[in-house]
Amino acid sequence: MANEPIPAAPERKKRILSCIQPSGIPTLGNYLGALKNWKKLADEFDGAFAVADLHAITVRQDPATFRKQINQVLALLLAIGLDPEQSIVFIQSHVPAHAQLAWVLNCYTQFGEMSRMTQFKDKSAAHADNVNVGLFAYPVLMAADILLYQADLVPVGADQKQHLEIARDIANRFNTVYSPTFTVPEPYIGKQGARVMSLQNPAKKMSKSDPNPKSYVSVFDEPAVIAKKIKSAVTDCEGAVYYGDGKDGINNLMGIYSCCTGLSYDQIAHDFAGKGYGEFKAAVADAVVEELRPVKERFDRIINDKSYLEDVAARGAARASRIANRTLQKAMKKIGFVLPK
Ligand code: TYM
């Protein structure tokens, strides 16, 4: 009798990791550029998702607000539909290996390459009174976040691309100096929604730290507020809905609408041919409200359940620590550190 073929060993699922800072209420940009993709990818990959609280203190935070926002963002990760039994959902500072590996990687990162980071240049201009060393070394901590989990893929918005490149450079450098230690990660940047722009200045990205609240939709805004903000979005004076040069405001709204409805730009232009911006903006607002409604409903149910949130964070930190500590020890051993028994 012929032998049964031996089934191949199950392949390890590829791992994805991503984080979001609790430095304000997340915006529609965070949601469409990152969070929505996290949920989509969480079934296909082994996912680890964190609240990047260590990154957030590169800008001064009010302690009470900061504490509240960390819990809100943790609850938001669950509200977007991440299942904490399936994915690892955790708070970055609960896993000390992040800060430890960041220190190690600082010593494998050049001053010159950090000085070229556009986010550092932008943020140090915006916070000229507090250009701290943490702000400068921010991308190294981000590299540590990623490399600790041997992440294959990192789903982010387009603004994080440069940081991903540095993480890859650091991983390659370390692997070359010693021997393969870290997986070299690839960015995953969605075709759409990767760069949602400010509603008031479509040349600038939508940001939760923008001082003008009309420039962004927060994921927790009430429907009437969303409608008002989208209605007042800056457009052009042509009055025709199509994707084109010199139409940054309309292009942005089309991108948002397309992400929420799944419609192509051609279909949107066809559907709104001969209709004015007022009608289009009302449709965009409705689509955004419908997109965010279930998220907000789940969030409202979770946010007051303190013990559930604490439990999720504790289990997430324990699972994350196991993976992170293994990688940290591997890297430190290669460098020649004497590891504790
Ligand atoms: P943060 O907190 O600024 O943003 C979280 C995610 O949202 C994306 N994003 C956007 N996408 C599209 N349009 C926008 N207007 C927009 N604004 C923000 C960001 O690209 C990001 O994916 N440094 C990171 C947090 C971080 C991290 C990591 C990410 C820390 N460690 C490790 C990946 C892997 C940040 O500040 O994201």
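Into which domains is the protein chain divided? In this predicted model, the chain is divided into domain 1, which comprises residues 15-194 together with 306-335, and domain 2, which spans residues 213-302. The centres of domain 1 and domain 2, taken over C-alpha atoms, are separated by 29 Å. To the contact between them, domain 1 contributes 18 residues and domain 2 contributes 17 residues.

Ile230 illustrates the packing: when residues up to four places away in sequence are not counted, Ile230 touches Leu199, Val217, Leu253, Lys281, Val284, Ala285 and Val288.

The largest pocket has a volume of about 1400 Å³. Its lining consists of 48 residues, and Gln119, Lys123, Asp159, Lys205 and Ser207 are the ones that lie nearest the centre of the pocket. Several secondary-structure elements supply at least two lining residues each, namely the strands β1 (15-20) and β4 (153-155) and the helices α1 (28-42), α2 (53-56), α6 (118-126), α7 (133-148) and α8 (161-177). By class, the lining of the largest pocket divides into 20 nonpolar, 19 polar and nine charged residues.

The second largest pocket holds about 400 Å³ of space. It is lined by 19 residues, of which Ala102, Asn106, Gly134, Ala137 and Leu141 are the closest to its centre. Two or more residues of this lining come from each of α2, α4 (97-106), α5 (111-115) and α7. The greatest contribution to the lining of the second largest pocket is that of α7, with seven residues. The lining of the second largest pocket divides into 13 nonpolar and six polar residues, with no charged residue, whereas nine charged residues are found in the lining of the largest pocket.

Two cavities of 30 Å³ or more are found in a search of the whole structure. The largest cavity contains about 40 Å³ of space, and its lining is formed by Gln119, Phe120, Lys123, Leu135, Tyr138, Pro139 and His163. Helices α6 and α7 each supply at least two residues of this lining, and both helices also each supply at least two residues of the lining of the largest pocket. Gln119 and Lys123 likewise line the largest cavity and are among the residues nearest the centre of the largest pocket. The lining of the largest cavity divides into four nonpolar, two polar and one charged.

The second largest cavity contains about 30 Å³ of space. Ser198, Leu199, Pro202, Ala233, Val234, Gly249, Asn252 and Leu253 form its lining. Among these lining residues, Leu199 and Leu253 are also contacts of Ile230. The lining of the second largest cavity has five nonpolar and three polar residues, and no charged residues.

Asp159, one of the residues nearest the centre of the largest pocket, is found in the loop between β4 and α8. Asp159 counts as partly exposed because its relative accessibility is 29%, a value between the 20% and 50% limits. With residues up to four places away in sequence not counted, Asp159 touches Gln119, Arg195 and Lys205. Two of these partners, Gln119 and Lys205, are themselves among the residues nearest the centre of the largest pocket. Asp159 and Gln329 are 170 residues apart in sequence, and their C-alpha atoms are 31 Å apart in space.

Gln150 lies in the loop between α7 and β4. Its relative accessible area is 12%, and Gln150 is therefore buried, the limit being under 20%. The backbone of Gln150 has a positive phi of about 50°, although the residue is not a glycine. Most residues other than glycine have a negative phi.

Note on methods: Residues numbered from 1 in each chain as written. Predicted model: local features only at pLDDT ≥ 70, side-chain atom pairs only at ≥ 80, totals over all residues. Heavy atoms only, no water. Contact = heavy atoms within 4.5 Å. 1 Å grid on protein atoms, 1.4 Å probe; cavity = no way out; pocket = protein on both sides within 12 Å on 5 of 7 lines; lining within 4 Å. Points joined across faces, edges and corners; volume = space filled by probe spheres on them. Helix = DSSP H or I, 4+ residues; strand = E, 2+ residues; numbered from the N terminus. Nonpolar A, V, L, I, M, F, W, Y, C, P; charged D, E, K, R; others polar. Domains from an automatic or database assignment. Buried < 20%, exposed > 50% of the residue type's maximum accessible area, 1.4 Å probe, protein only.
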